[in-house]
Amino acid sequence: MKVNSSIIRIVGLLGEIPEKSADKLFQKFRDAGYHRDLYPVDTNGAKDGRSLQFLKDYFYPNFRNLMFLRDNEDETFRYIKLDNRTVSLTYGRDERKRIYSIGILKSELYLFKEQIGLFSISIEIQEENKNLNDISNIISVVKNFDAELENGTLWHHWISKELLANIPLRSTDESIVSSDEYSGSKFKVYSVLDFEHERQERKNHLNDIATSSPLGAGFGRGFYAPDEQYFDQIMTNRIAVFTNWEAVCLFDSFCCIGDKNLNEPGSISYISWDYTYFRIYLYRLFFKYNLYRYNSMINETDAKKILLRDQFESFLNKYNIGHISFNFLGNELFNKTGHALELDKELITFRERINNLSKVLQEERESKTNNLLQIVTVLSGLSSVAPAIDMINQAEQYLLWPPIIFYGLVSIIMLAIISGIVYYIFPELFKKLWKKRPSNLE
């Protein structure tokens, strides 16, 4: 089945963008050939006034500034690099083995200070006559971190070296990549396909491409044919607005299939799916990955949970957007992808969990404070501190140390005692001074 036009993007996780090293990181990407994306440009690289006006008419200010224009607080940075290279990937084993050549069209970076960063890679099928079977095979390959190139190099290693300025995506015995704890083993795949087909069969094609199943599975053929109940469950995340296309969003993919829904690169429909609608999906992934990150961080020491709760609330205040568009379709895509990724469900569960944990810690801290107050009450009942001073003077006379050494040591001991008391009551304050867990971006 010949495919007239297609968009295929993979999306991966870079990790948390540390505030202290962000500028150094951004310079590293610029040195690798990236330039900052501040606004839409035309084919000559000049600011595109018509596209700029469209964004202002289509999206609410908070969303368009984060994903298309410039963040007012300058905490969000987008970088882009146009590529023109080819890489060969291996599909299948033994008699099913095949080498596919794909073109890398562009790489994009979406960097949020103190939050996670994402990257996107746009690929093009190099086959002369693109067909649905080739695209299905390639999608199943490019989503896997450990897919192999023709020369045996792992896919994620090649991406790190050639496209991400040597930033690792996986942990090794020698180095830890914190984001590897919640990135999973697959890249997310965003695909939009345009080919002739019967409308009543579109759901079946959607199942096959979105789930990377062998073609025909959605029609009930083969070992990977889905159970009816499972098929219906997948289709609850279907997005259907117009008669010429339908889309479905799953945990690891967004797939749109249509007939004359895409046209050729440069057309309005192509730009809408490749630029406008893609960034809606990417923003939902950004939010989902951050929920993964906070769920991972909550397993750290108890003292950090109260600080984590405050950071989480700050994150929600900025990025938990209810509506993004003045247009129905923009909000529909935003809401449907959020529902498919179970963002509201996970958000409610995590919020209850972290609030309950911080409440328990607060009660424990108040209990410790009460205990110390009782000690202070007992000490305050002493008529004088003179005996303690006399003991210090006697110790000085006995040791015969120089005053600067003796009283310096006394000061250190007193400071240690006071610090121990403060840590006993407010352990989370000390966590601010401790180094955060390592980031693959530092």
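This note reviews salt bridges in the predicted model shown above.

1. Basis. The model is predicted: local features require pLDDT of at least 70 and side-chain atom pairs pLDDT 80 or more, whereas totals for chains, interfaces and linings use all residues. Residues are numbered from 1 along each chain as its sequence is written, and side-chain values use heavy atoms, with hydrogens and water left out.

2. Overall count. The whole structure contains 22 salt bridges, each defined as a side-chain nitrogen of Lys or Arg within 4 Å of a carboxyl oxygen of Asp or Glu.

3. K318 and E75. These side chains form a salt bridge with an N to O distance of 4.0 Å. Because K318 belongs to helix α9 (residues 305-319) and E75 to the loop between α3 (61-67) and β3 (76-91), the pair ties together parts 243 residues apart in sequence. Helices (H or I, at least four residues) and strands (E, at least two) are DSSP runs, numbered from the N terminus. E75 is partly exposed, at 27% relative accessibility; buried means under 20% relative accessible area, exposed over 50%, and partly exposed in between (1.4 Å probe, protein chains only).

4. K143 and D252. The closest N and O atoms of this salt bridge are 3.5 Å apart. The pair links distant parts of the chain, 109 residues apart: K143 is in the loop between α4 (132-142) and α5 (155-163), and D252 in the loop between β8 (245-250) and β9 (253-258). K143 is buried, with a relative accessible area of 2%.

5. D146 and R170. A salt bridge joins these side chains at 3.7 Å, N to O. D146 is partly exposed at 42%, and R170 is partly exposed at 21%.
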